[in-house]
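Subject: Structure handover

Hi,

Here is the structure you asked for. My notes on what turned up in it follow below.

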Amino acid sequence: MKRSRYLSAMFCLAFCVPACVQAQTMMANRGIAVEDVDVTRDGEYVMLNMKLNLDSLDLPTNTRLVYTPVLKLKGDTVAMPEIVINGRRQQIMYERGEMKGDLDPQAVVVRRCNGKEQTVSYQAAAPLPVGVTDYDVAINEDLCGCGDRLDGTDYTIKRARKPLMAFVRPAAEARKERHIDKTAYIDFPVDRTELHADYRRNSSEIDSIVNTINLVKNDRNLSIRSIDIHGYASPESPYSHNEYLARERAKTLKDYVRRIVNLDDRLFTVSHTAEDWDGLTAYIRESNLDNKDAILGIIADKSLTPDAREWKIKSSYPKDYRFMLDTWYPALRRSDYRVNYTVRPFDVEEAKQVIRTKPQQLSLEEMFLVAQTYEPGSADFNEVMEVAVRMYPGDETANLNAACTRLNMGDADGAKPYLDKAGTSPQAVNARAAYAYLKGDYDEAARLYKQAADAGVAEAKTNLENIK
């Protein structure tokens with residue numbers, strides 16, 4: 001018994017998933033009650049803690065009772081060390097080594113003292129493959145006391161059933177519209193609008209824009225809908241001149257890029273912001289400028305024109321202004337661009353290939369249909385659900401299905417971040433009930449299962465029956 005007690009203590013220190021705690025009377029014809037049943041699962045072991053109350057047992061002196069806790073799996077049985085209850089004469093024979101039958105060296109052997117209160121505490125662990133989630137914990141009663149379990153009676157004390165998850169098929173996208181957003185820092189000569197590819201860092205910046213557009217243009221699965229270019233200037237006065245520079249430089253960049261990528265001019269749109277005060281404000285808020293709050297107050301003063309605002313900062317706080325001019329203003333002179341495109345629909349076989357290389361081209365529904373080609377709970381199935389939530393981290397359905405995947409594996413803690421973003425659908429309620437069940441909160445699990453079952457989730461109805 002020493003080893004099984006050691007195993008039980010060791011694994012209870014780990015992150016165990018508790019099962020139902022039950023107290024029930026069984027084997028009533030013999031007056032034995034099974035109490036304080038506690039079954040826990042951790043990794044590859046199932047731990048059993050319970051007590052046998054012998055208060056009402058009147059055992060003849062020459063009688064021996066053998067009870068063997070077992071895990072009953074589909075097509076297999078895993079035995080734990082026996083509990084042997086001896087009458088007075090049988091105990092004497094046992095101590096002399098005269099008992100017949102092969103007992104586990106770790107068996108719990110006790111002598112029944114008739115007429116007295118007596119409780120046998122039992123702790124043991126049995127191996128169980130991680131993938132096995134449905135099993136019964138039972139006690140086998142050996143009627144002859146000879147160690148033969150085949151002719152005995154099994155009393156089930158715990159049924160462990162993996163919660164059934166209700167995965168949800170995402171809504172179909174009528175049209176898969178996507179976009180790529182990037183920023184280019186094109187340097188123009190001071191107060192000029194002509195673009196020189198060999199000027200400062202322009203060569204690498206232009207290459208980045210062209211490569212981004214060609215990445216979409218040359219992919220047979222994608223179709224460009226439009227390319228938007230938005231130019232910004234920094235807030236040096238005068239405002240009217242900055243507006244001219246922002247507008248004309250954006251047009252110049254558009255014309256230059258359009259010729260390289262050889263696309264219809266009608267695909268391009270151009271817009272501009274004369275002075276990027278929002279961008280400057282963001283830099284100031286994250287800074288440690290000596291006069292940070294005062295400068296922000298000037299910027300927020302709507303009674304000032306842009307030129308008056310800029311002059312007031314420059315004259316009132318020349319040191320801070322010089323720092324902003326040298327450090328942040330160059331970054332404010334930029335061109336944001338967006339490539340808008342559509343993705344063609346894929347059949348399931350195509351999608352199975354695309355998800356491995358360019359999952360961003362798939363809709364959530366297409367990913368879900370790929371998952372349906374695999375066995376639920378398999379590595380491939382789980383991987384698809386994980387990819388889906390990575391591609392659509394804010395989508396409630398993606399988070400629900402990812403949570404269900406983790407719960408299916410018994411990973412309640414791993415499911416929690418997804419459950420928090422899974423919405424309030426009946427299927428999500430069923431998933432939260434499974435989370436409560438795996439964390440050992442059976443009252444909450446039953447309440448939520450009932451709520452989901454009442455809303456029509458068939459899996460919740462089965463789960464509620466199992467938990468009862």
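A pocket here is an open set of grid points where a 1.4 Å probe fits, with protein on both sides within 12 Å along at least five of seven lines. Keep in mind that this is a predicted model.

**The second largest pocket**

By that definition, the second largest pocket has a volume of about 490 Å³. Its lining is made of 25 residues. Nearest the centre lie Phe188, Ser234, Leu245, Arg249 and Arg333. What is the make-up of the lining by class? There are 11 nonpolar, six polar and eight charged residues.

Which element gives the most to this lining? That is α4, with six residues. The helix spans 239–261. Strand β12 (222–232) also supplies at least two lining residues, as does α4.

**Strand β14 and its partners**

β12 leads on to the strand pairing. β12 and β14 run antiparallel to each other, joined by nine bridges. One of the residue pairs to look at is Ile229 with Tyr337, its bridge partner in β14.

β14 (residues 335–343) also pairs with strand β11, which covers residues 176–184. This pairing is antiparallel too, with nine bridges. Here Ala184 has Ser335 of β14 as its bridge partner.

Is β14 mostly covered or mostly open? It is mostly covered, with seven of its nine residues buried.

**Glu365**

Glu365 sits in helix α11, residues 364–371.

What does the Glu365 side chain reach? It makes a polar contact with the side chain of Arg169, at 2.8 Å. Neighbours within four places in sequence aside, Glu365 is in contact with Arg169, Pro170, Ala171 and Ala172.

**Val354**

Val354 belongs to helix α10, residues 348–357. Its relative accessible area is 11%, which is under the 20% cut-off, so Val354 is buried as well.

Which residues does Val354 touch, leaving aside those within four places in sequence? They are Phe346, Pro359, Gln361 and Leu362. For a distance check, take Val354 and Met367, which are 13 residues apart along the chain. Their C-alpha atoms are separated by 9.7 Å.

Best wishes

Definitions and conventions:
Residues are numbered from 1 along each chain as its sequence is written. This is a predicted model: local features need pLDDT of at least 70, side-chain atom pairs count only at pLDDT 80 or more; totals for chains, interfaces and linings use all residues. Side-chain values use heavy atoms; hydrogens and water are left out. On a 1 Å grid over the protein atoms alone, a cavity is a set of points where a 1.4 Å probe fits but cannot get out, and a pocket is an open set with protein on both sides within 12 Å along at least five of seven lines; lining residues have an atom within 4 Å of a point. Grid points are joined across faces, edges and corners, and a volume is the space filled by probe spheres set on the points. Helices (H or I, at least four residues) and strands (E, at least two) are DSSP runs, numbered from the N terminus. Ala, Val, Leu, Ile, Met, Phe, Trp, Tyr, Cys and Pro count as nonpolar, Asp, Glu, Lys and Arg as charged, and the others, Gly among them, as polar. A polar contact is a pair of N or O atoms within 3.5 Å; within protein, one must be able to donate a hydrogen and the other to accept it, and residues adjacent in sequence count only if both atoms are side-chain atoms. Contact means heavy atoms within 4.5 Å. Buried means under 20% relative accessible area, exposed over 50%, partly exposed in between (1.4 Å probe, protein chains only). Two strands pair if DSSP finds at least two bridges between them.
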